[in-house]
Amino acid sequence: ACLPQPPREDIVACLPQPPPQQQPEQQQQQPEQPELKAIIPYLQHRDIGVLNENLEFNLDNITKEKSDELLNGGYDWYDFPDALAKAKAEKDIEEEEEQRIRSFLNFVDKIKESCSVSLTDDELGALDKHLAALVSEFKGVMETINKENEELCKEAITTLANKIRTNAEAVENDDDALRTAVEDALGVVILLPEPCDNGERLENVKELLKMKFTPPKERKEMSKQYREAYRLKGKNINIQLNKNPVVVHTYGAGGSDHQMGEFDVGDKAIVAIERKLEDGKIVAIHKTVAFTTYPVGNHTSTKDTWNILTGRDCAATKKLVSRVICAAGGEYQRYWKNLRPMFATIDRHKLDVIRDVFSNSEYKNSAASFYTVHADATSYIAPGDKKGEQLIQKHAKADLEQNTTKVIETLAKCGFDVHVHSKWLFRDYVARLLGRDEKIKLDVDDESTSLCLTGKLFSVKNGQRTEMNLTVSAHKSQWFRNGGHVLITDCISSALKSGGDVDFAKAGARNSANSVLLKLTEKFAEKVTVRLEKDEKLNKLLGSPAFVPFLFSTWMNANAWPKTLEAVRGEFFSDDDDDGENNIDHKSILQTLNDECVKDEDKRKEFAAELGKNDFEINDPKDERRILLARDRQENIGGITGLSVARFIHVVTYGTCAKILEKKGYIGDTRKSTAGDFFALWWETKDIIGKKKTATAGNSDIVLRRTLDFVWSYMGRSSGKFKAGYARVRQYLFGVRVCWYAGKAEYGCHKEGSKCRVNRTVQDHAELKDKDAIGQDCCGTCHNHWLHKKRRCWFAENAFLLRDKEWYQKHGRECEGGGTAIRKIPPAGTERHPDLDYLDADAEEEPICSGCFRYWRYSHLTCWFAGKAEFVWFNSSGVECVCHGETANGIPYRIVPENNVLLPAGAQGQPCCHPCRTKLDKNRVRRKTLLPPESEQVEQ
């Protein structure tokens with residue numbers, strides 16, 4: 001988010017254009033994209049000299065300039081492995097596999113190293129020390145910036161408040177002039193406490209907040225499309241609807257500068273507003289309503305298990321540390337967490353002006369609260385991923401059109417303005433439905449660099465034309481990719497400028513966390529640059545290109561900078577009972593997080609009781625790190641809303657490094673790169689060779705485990721947009737390997753169409769003598785089959801002897817010997833079925849198949865859920881079923897997991913069948929209260 005921001009998209013182009021005149025077909029065709037150039041001719045050119053006549057790489061001739069040309073010159077890396085293999089085949093060049101692999105990997109690595117920086121363990125540690133040494137100075141820089149911003153903001157607030165009072169005094173014979181002047185200057189609606197009559201103002205606010213949508217008629221078809229998109233089975237699985245399209249953000253009166261307010265649905269906000277007015281408080285409502293796309297959830301988002309603000313309690317079944325951390329974070333869904341600091345910053349500055357204006361009036365002792373309204377465009381609840389957004393865009397058109405019209409008409413009727421927080425919602429619905437007949441006029445300013453576009457929207461109903469202020473910006477769910485800190489700063493400035501005061505808007509936006517973080521990044525980078533210029537080993541970093549700018553997890557992972565973390569925490573938590581990273585009482589920190597940050601009183605009391613137990617200890621290093629990071633996120637600094645220690649750490653590490661490194665376009669960006677980019681080839685080789693790093697500081701390569709995992713999710717071995725390229729690289733490195741057993745059905749081991757990797761060799765076996773098979777390539781499945789083929793299950797071998805045994809007959813089972821004998825009969829004295837005691841001692845430790853082992857080891861146990869009717873789940877048809885029904889016959893070879901709040905004490909570690917454990921792991925089990933039999937119920 002601290003990287004240079006992308007240019008502003010031209011939203012003017014989103015407005016509906018007149019249909020183009022029909023042109024001949026050849027004129028309508030789009031110009032073809034230039035074809036990618038072949039790499040081998042470039043490498044073999046006499047002025048380049050990287051590839052000789054024998055197709056051998058000369059790595060000494062690879063320079064930065066040549067690497068830049070290969071990366072950014074439009075060359076086809078997707079076809080390169082095939083082209084190289086074909087060229088070698090035409091010249092009958094033979095080479096050992098190891099030599100071919102090493103030569104190719106060295107070439108790819110050299111290209112990457114020539115155009116990007118790499119750090120050794122020692123160099124990364126030295127950079128960490130440089131940053132740590134500057135932390136105290138960084139803190140001073142931040143405090144200076146904050147102080148300057150605060151002074152400018154206070155001055156702008158005072159100036160605006162005086163201007164408002166002057167304008168009100170100029171109005172004669174109007175007892176409500178002061179309130180009207182505030183509303184005009186700030187773009188708000190002011191509700192004054194009783195006995196003042198708020199009349200039409202209050203009625204308009206109520207009408208807006210209680211707005212509801214008509215249930216969509218196409219829900220059945222929408223549910224079908226939802227099931228197909230997410231491959232869900234069961235016709236009773238339906239897409240869910242949100243009954244509360246209006247959500248309100250409240251910024252309370254008299255709170256600290258750090259508070260970020262709370263969210264609630266519109267109906268409850270009405271009750272809260274009326275209560276505040278009765279209690280003698282001033283209520284201000286932002287006239288600009290945030291209008292966005294759809295609520296996030298899935299088909300299980302029902303009234304009992306989900307709500308629009310918090311979603312589902314993701315940590316409900318996790319251990320105590322995770323639950324406390326989750327609850328301390330506010331428990332809001334990520335989207336609301338993204339909006340919260342932005343809304344709070346706007347509310348805080350406008351509320352300061354309101355308090356100043358009314359400080360000399362009859363309401364000088366009245367506390368004030370600020371409300372910002374948010375409305376969705378559809379009732380459909382869908383996942384927040386790309387597939388969910390496409391589902392809404394493609395199949396919810398009728399509902400989006402109907403609700404967009406209703407929201408705009410309601411806002412116009414009630415006297416509110418609109419800020420569309422989605423470019424496609426504005427383009428496809430607001431602009432298309434309302435952009436005809438000059439109903440939308442956008443401000444055009446060629447010199448403006450703002451990521452918020454403003455203008456006027458005219459709503460016409462029953463012949464009455466109503467003018468509204470219009471703002472358009474990108475969606476905030478991915479704000480860090482849609483413009484980053486610049487986007488949020490521009491949105492704050494636009495909201496503060498709604499009343500027309502530019503100086504107040506600039507000062508308020510400058511005094512925001514996002515603006516401060518941008519400024520800090522520049523200042524910190526300057527100081528680090530001066531220090532690194534004097535370091536002979538690290539001055540190579542300055543201005544050097546970053547191969548994968550935002551994917552370098554080292555830069556973004558706070559735990560990768562231990563010295564810097566210690567220094568930062570020592571600065572901001574010096575008053576605590578710890579000194580940065582040493583002698584830290586993690587349990588005490590967790591208790592403080594619970595006491596100060598968990599707002600749900602019931603949860604806070606429950607957590608406090610658990611944390612207060614003497615036997616509760618924190619020994620897991622992962623939990624210790626997570627607790628400290630949670631404290632970093634919750635500790636606000638500098639008196640700036642949303643500016644936390646965690647954000648300070650992010651700026652010092654990732655933000656600074658992003659500034660001192662040169663960004664190389666989109667090379668390495670999984671979302672921008674194509675299959676023909678060098679990026680794909682680079683990561684494919686890393687994946688295939690298996691250079692998987694751990695997420696700790698000090699790697700020889702700064703690519704960490706999380707980075708490679710992230711790239712894998714896009715490339716994939718069997719799916720993803722890099723699938724074909726991945727296969728080509730594997731084929732070049734290892735050749736076309738075919739399992740020797742493929743097509744030989746008589747051996748009964750290789751299934752037709754098997755995708756098992758061919759990375760083993762045929763084992764020596766009596767049945768394969770004289771078959772010329774030993775040592776040939778084979779897949780892992782066939783290798784394991786023949787490895788255990790000579791071992792047959794003991795129960796199958798001795799079935800004829802066991803059939804007459806009474807103890808064996810009662811089990812009603814007989815092994816047919818189909819499975820390979822890879823397990824052993826459990827010996828006496830270990831946990832096993834009591835009937836195995838009838839076996840002779842020489843039968844113990846004999847090989848048996850997995851099926852027999854599972855039966856004789858666990859079948860005598862009882863699943864813990866058996867007979868407990870209070871534990872239920874809902875099947876694919878939506879029918880409630882007992883978790884472990886009377887007909888369930890699963891063998892309890894698994895155990896009940898630890899730290900599941902759904903289960904009573906003593907349940908953990910108990911035997912559990914696989915179906916019950918699976919439902920529990922997927923959070924599908926519910927516990928309900930059972931009433932006693934009717935005869936035992938007491939009449940109330």
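This note walks through some local features of the model, point by point.

1. A word on the ground rules: this is a predicted model, in which local features need pLDDT of at least 70, side-chain atom pairs count only at pLDDT 80 or more, and totals for chains, interfaces and linings use all residues. Residues are numbered from 1 along each chain as its sequence is written, and side-chain values use heavy atoms, with hydrogens and water left out.

2. Let us start with strand S6 (residues 368-376), where nine of nine residues are buried; buried means under 20% relative accessible area, exposed over 50% and partly exposed in between, with a 1.4 Å probe and protein chains only. Helices (H or I, at least four residues) and strands (E, at least two) are DSSP runs, numbered from the N terminus. In a regular strand the side chains alternate between the two faces of the sheet. In S6 both faces are covered: Ala368, Phe370, Thr372, His374 and Asp376 are buried on one side, and Ser369, Tyr371, Val373 and Ala375 on the other.

3. Which strands pair with S6? Two strands pair if DSSP finds at least two bridges between them. Strand S4 (residues 282-286) runs parallel to S6 and is joined to it by four bridges; here Ile282 stands opposite Ala368. Strand S5 (residues 288-292) is also parallel to S6, over three bridges, and Thr292 has Asp376 as its bridge partner.

4. Helix H21 (residues 586-597) is worth a look too. His586, Ile589, Leu590, Leu593, Asn594 and Cys597 are buried. Seen down the axis, these buried residues fall within an arc of 140°, so they line one face of H21; the arc is that of the directions from the helix axis to the C-beta atoms. The face turned away carries the exposed Asp595 and Glu596. The cover over the buried residues includes helices H11 (320-328), H22 (601-611) and H23 (621-634), where contact means heavy atoms within 4.5 Å.

5. On to the rings: the whole structure holds 34 aromatic pairs. Rings of Phe, Tyr and Trp (its six-membered ring) pair if their centres lie within 6.5 Å; planes under 30 degrees apart count as stacked, over 60 as edge-to-face and the rest as tilted. Tyr747 and Trp786 are edge-to-face, at 5.9 Å centre to centre and 65° between the planes. They link distant parts of the chain, 39 residues apart: Tyr747 sits in the loop between helix H27 (723-734) and strand S13 (760-761), Trp786 in helix H28 (residues 780-787). Tyr747 is buried at 13% relative accessible area, and Trp786 is buried at 3%.

6. Finally, two backbone spots for your checklist. Asp92, in the loop between helix H4 (80-90) and helix H5 (97-114), has a positive phi near 55° without being a glycine, and is exposed at 65% relative accessible area. A cis peptide bond joins Glu194 and Pro195, with omega about 15°; Pro195 lies in the loop between strand S1 (188-191) and helix H8 (199-209).
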